[in-house]
Amino acid sequence: MSGRPTGEEPGSAEPRAGEPRGGEPRDGEPRDGEPGHGSTPAERFLDAAIGLLRRVRDEEAQPIAAAGGLIADTVASGGRLFAFGAGHSSLAAQDLVYRAGGLALMNLLAVPGVVGVDVMPATLGSALERVDGLASAVLDSSPLRSGDLLVIVSLSGRNALPVEMAINARALGIKVIGVTSVAYASETKSRHSSGTHLRDHCDLVLDSKIAVGDAELTLDTIPAPFAPASTVVTTALLQAVMATAAAALADRGIEPPLLRSGNVDGGHEWNGRVLREYQDRIFYQQG
């Protein structure tokens with residue numbers, strides 16, 4: 001669908017007074033794909049986030065399509081879906097699970113102590129990410145099996161837990177999609193004994209484009225960079241993948257097992273049907 005008004009020929013309409021010709025931006029407006037230049041910290045941060053999202057849209061289109069296709073393959077073949085992230089990377093993983101508008105089959109692979117900042121002290125979660133052997137214990141006690149798919153979210157991809165999670169999962173015949181910032185692989189040293197990063201052990205890698213340090217702003221009056229954008233960008237990136245997967249299933253004649261909001265009429269009834277139909281592949285209902 002072109003989006004052009006019916007009966008209008010390309011280039012036939014004259015711009016209205018004050019509008020630029022040929023789709024050119026007005027003075028002071030960003031061109032397509034470029035962030036703006038806000039004057040306040042809030043505007044600058046939003047401009048930076050928008051710029052990163054545009055980069056993901058333009059530069060990760062093929063990996064997003066491939067990841068959506070791989071998820072659709074897994075659903076169509078009877079496999080189960082899981083997502084894992086440690087610390088703040090877990091936020092993007094959690095956003096995929098039991099989510100209105102999302103695939104009901106996505107399960108959270110939770111590792112006690114590293115899922116968020118609920119553990120005390122919060123620094124314990126960071127320490128656990130560096131423990132060798134933890135990933136193996138987690139996978140051994142999880143329902144993951146050959147034919148399933150695991151999304152691993154790790155901004156840096158340098159710690160032992162996500163690296164070992166990917167290595168061990170693939171050894172079990174599980175497909176792995178890694179969501180990380182590729183910049184870390186070239187600019188930071190791995191904390192895993194292999195000297196490798198998450199990106200080195202995935203079937204597919206999605207690059208969030210986040211700069212090392214995950215802080216978009218600086219001010220002369222503040223001694224450290226600030227305003228992280230990784231959660232915004234990574235969450236949007238993964239939702240783009242899930243949208244692609246849903247459409248890919250529909251293209252194959254398979255109704256995507258989507259959840260609806262419980263706050264709209266009929267939502268609970270719809271979700272109850274989906275959860276019953278796929279109960280053998282959904283683990284967040286189990287007590």
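This is a predicted model: local features need pLDDT of at least 70, side-chain atom pairs count only at pLDDT 80 or more; totals for chains, interfaces and linings use all residues.

Modeller: Serine 190 touches Arg158, Gly195, Thr196 and His197, leaving aside residues up to four places away in sequence. Serine 190 itself lies in the loop that runs between helix H7 (182-187) and strand S5 (204-207). Its relative accessibility is 11%, and serine 190 therefore counts as buried, since the cut-off for that class is under 20%.

The side chain of serine 190 reaches the backbone oxygen of threonine 196 at 2.5 Å. It also reaches the backbone nitrogen of histidine 192, here at 3.0 Å.

The wider chain provides the setting. It has 287 residues, of which 41% count as buried, and serine 190 is itself a buried residue. The chain contains nine helices and seven strands. Among contacts with a separation of 6 or more, 72% are between residues 24 or more positions apart. The accessible surface of the chain comes to about 15100 Å², and carbon and sulfur atoms contribute 52% of that area.

Aromatic rings supply a further feature. The chain has two aromatic pairs. One of them is formed by tyrosine 98 and tyrosine 284, with 5.4 Å from centre to centre and 50 degrees between the planes, an arrangement that counts as tilted. This pair links distant parts of the chain, as its members are 186 residues apart: tyrosine 98 is in the loop between helix H3 (89-94) and strand S2 (106-108), and tyrosine 284 is in the segment after helix H9 (267-277). Tyrosine 98 has a relative accessibility of 53% and so counts as exposed. Tyrosine 284, at 26%, counts as partly exposed.

The charged end of arginine 260 sits over the ring of tryptophan 270, at 3.8 Å from the ring centre. The charged end of arginine 273 likewise sits over the ring of tryptophan 270, at 4.6 Å from the centre.

Terms used:
Residues are numbered from 1 along each chain as its sequence is written. Side-chain values use heavy atoms; hydrogens and water are left out. Helices (H or I, at least four residues) and strands (E, at least two) are DSSP runs, numbered from the N terminus. Buried means under 20% relative accessible area, exposed over 50%, partly exposed in between (1.4 Å probe, protein chains only). Contact means heavy atoms within 4.5 Å. Accessible areas come from the Shrake-Rupley method with a 1.4 Å probe; for residues, only the protein chains shown count as cover. A polar contact is a pair of N or O atoms within 3.5 Å; within protein, one must be able to donate a hydrogen and the other to accept it, and residues adjacent in sequence count only if both atoms are side-chain atoms. Rings of Phe, Tyr and Trp (its six-membered ring) pair if their centres lie within 6.5 Å; planes under 30 degrees apart count as stacked, over 60 as edge-to-face and the rest as tilted. A charge sits over a ring if NZ of Lys or CZ of Arg is within 6 Å of the ring centre and within 35 degrees of the ring normal.
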